[in-house]
Amino acid sequence: MNKLERLPEKEMRCVYAETLIELVEEGRDIVVVEADLARTNGTDLFARRFPERFIDLGVAEANMISVAAGMAAMGKIPFTSSFGSFAGRRVVDQLFMAVTYSHLKIKVIGSDPGVTGGINGASHQAFEDMALMRALPDMAVLDPGDAYELRQAVREAAAYPGAVYIRLLRKIHPAVFGPDYCLKIGKGSIIKDGHEATIIASGYMLRPALEAAATLEKQGVSVRVLNMPSVKPLDTQLVLSAARRTGAIVTAENHSVIGGLGAAVCELVAGEYPVPVRRVGMPDHCGEVGTADFLCRKFGLTAENIVRQVHIALEMKRD
Amino acid sequence: MTEKEIKGLGEVSRSVRELIVEMMVEAGSGHLGGSLSIVEILVVLYHKFMRLREGEPDWPERDRFVLSKGHAGPALYAVLQTKGYLSRNDLMTLNKAETILPSHCDMTRTPGVDMFGGSLGMGLSAAVGMALAAGMDKKDIRVFFIIGDGESDEGQIWEAAMAASKYRLGNLVGFLDGNKMQIDGTVDKVMPLEPLKDKWLSFGWDVREIDGHNVEEISGALKRAIECGDKPSMIIAHTVKGKGLSFSENILTSHNMKLTPGHLAQALKELRASRK
């Protein structure tokens, strides 16, 4: 238990690798297939511990995905990774053939999501990975926000009878959850209750969402906050009950406003229980070099903007 | 190989060609050229070399086969029928609605198909993954494959080639179906590949070159390739697109063509005549 309490002190890529090691020690037949980013994404740790389960294919992401597919066909549980840009948009056809066409249970990690690609710039920032992954039938999509959520996401993914895409924040991030946190694919949770509007957030945008909710409380607005780490399958029951109870939704994601969490909520709500939905996220715009903070401020991925959008949604609700 | 064995494999090859044409006439069209060019290779693999279990297409310890040039699915299906994994009725459902036999290999639908196909350039990578997994588990499982020459334009083929060599995958053995044609023209015209043998050698593979329609040469090459335990093996098979029939041999448009009952009658006539 002591070890778990100290989890948020570690870099999340370290937590990723340690969780894989844990799973092998528990008897899961995991293999790690990398494309020259083991050191970047943390699995060099795994390679040292289980060299016989570690494959590095060099800078060849397409090969990485299809090799993982072959290993999955033989009963292994392959975890592959690259930056979200290269584990996502670069290899969509390879993912389609392995996952959608063939139902092979590969697990794909896309690191440095959205603004956390930072000074690597737009080529290394994935703002569209969830949109692409969501559009692939039979690919689950997870966006964990802290070390506890990540550890749970990896454990769930290993046990899940299907392919899973997980966004990986690589560095140290403050804890939102605790050692008892439980994540289930297809489930979200209410992390703060309220009744006038709902903020639905995932991953990196969880803390701004909670900040925004606190600000709104001070302004006399009672806001529910939903954590939705499982962007696909979406926790439709939780989203619809929030729509019914609160009548206004604002989504917040470290991702484009096109195709991700916000889009998933709109798709559901528009057809089942239409309420105003405002989306906070990257507008339809290329990323750029900058710290995560700078990019958030420039493109509106802030608590401030979430608050603003809640007020707009409340206005629309009144009309 | 004995005369009897050679004759026997020749007979099976003839049956397979008949079945391919029958299937495609029933479906109305098909990837005839690239299916006919790999018949002997498939027949020798499935009838002489692959360690399989009758009636158990999912036997976990079986040797695996990857048809990376997945559009030649019908050739594989015909051979699977000769092994009893599919029925003649199954074959007649090629490309019909809700079929278990789509044009391009689907491992979720067809008993006996070990890996997907259809998007070119990926099957070899999958074969590498399968060979790696078998090696990790210290299992005596071989992974065979066929890639196309046109398919070799895909960069991913070479990513897989490098990986197979790095990992010394002696249990990975396969063929390049060198029928010298692709869709827009001959391979030489569209994207020349020579020197092909040199390329595979420089990638660290054990390489052989054969007549891809000669069952003895196919068999000899496979035997020696299998014995080569510390390198992956590539057998460059010189083949003829559309081999065996006058209306398809060396004809570019045989890649994907419409087929009528007239074609079937012609095919049966020619295949029976070739029996002597």
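A cavity here is a set of points, on a 1 Å grid over the protein atoms alone, where a 1.4 Å probe fits but cannot get out, and its lining residues have an atom within 4 Å of a point. Grid points are joined across faces, edges and corners, and a volume is the space filled by probe spheres set on those points. By that rule, the structure holds four cavities of 30 Å³ or more.

This is a predicted model, in which local features need pLDDT of at least 70 and side-chain atom pairs count only at pLDDT 80 or more, while totals for chains, interfaces and linings use all residues. Residues are numbered from 1 along each chain as its sequence is written, chains are lettered from A and ligands numbered from 1 in the order in which they are written, and side-chain values use heavy atoms, with hydrogens and water left out.

**View 1. The largest cavity, lined by residues of chain B.** Its volume is about 60 Å³. Around it sit Tyr46(B), Met50(B), Leu52(B), Arg53(B), Glu56(B), Pro57(B), Arg62(B), Tyr85(B), Gly112(B) and Asp114(B). Sorted by class, that lining has five nonpolar, one polar and four charged residues (Ala, Val, Leu, Ile, Met, Phe, Trp, Tyr, Cys and Pro count as nonpolar, Asp, Glu, Lys and Arg as charged, and the others, Gly among them, as polar).

**View 2. The second largest cavity, lined by residues of chain A.** About 40 Å³ of space lies in here. The lining is made up of Lys3(A), Leu4(A), Leu7(A), Val15(A), Glu18(A), Thr19(A), Glu22(A) and Arg151(A). Helices (H or I, at least four residues) and strands (E, at least two) are DSSP runs, numbered from the N terminus. The class count for this lining is three nonpolar, one polar and four charged residues.

**View 3. Where chain A meets chain B.** On contact (heavy atoms within 4.5 Å), 27 residues of chain A pair up with 29 residues of chain B. About 2100 Å² is buried between the chains, and carbon and sulfur atoms give 66% of that; buried area is the accessible area (1.4 Å probe) that two parts lose on being put together, summed over both.

**View 4. The salt bridge and the chain A side of the interface.** The rule (a side-chain nitrogen of Lys or Arg within 4 Å of a carboxyl oxygen of Asp or Glu) finds one salt bridge across the interface. It joins Asp137(B) to Lys76(A), with the closest N and O atoms 2.4 Å apart. On the side of chain A that touches chain B, β2 (54-56), α5 (61-73) and α7 (92-101) give two or more residues each. Of these, α5(A) gives the most, with nine residues. That side has 15 nonpolar, six polar and six charged residues.

View 5. The Lys232(A) to Pro233(A) peptide bond is cis, with omega near -10°, and Pro233(A) lies in the loop between β10 (230-232) and α11 (236-246) of chain A. In chain B, the bond from Glu194(B) to Pro195(B) is cis too, with omega near 0°; Pro195(B) is in the loop between α8 (187-190) and α9 (196-202). Asp112(A) has a positive phi of about 55° although it is not a glycine, and Asp112(A) lies in the loop between β4 (107-111) and α8 (129-134) of chain A.

Technical notes:
1 Å grid on protein atoms, 1.4 Å probe; cavity = no way out; pocket = protein on both sides within 12 Å on 5 of 7 lines; lining within 4 Å.
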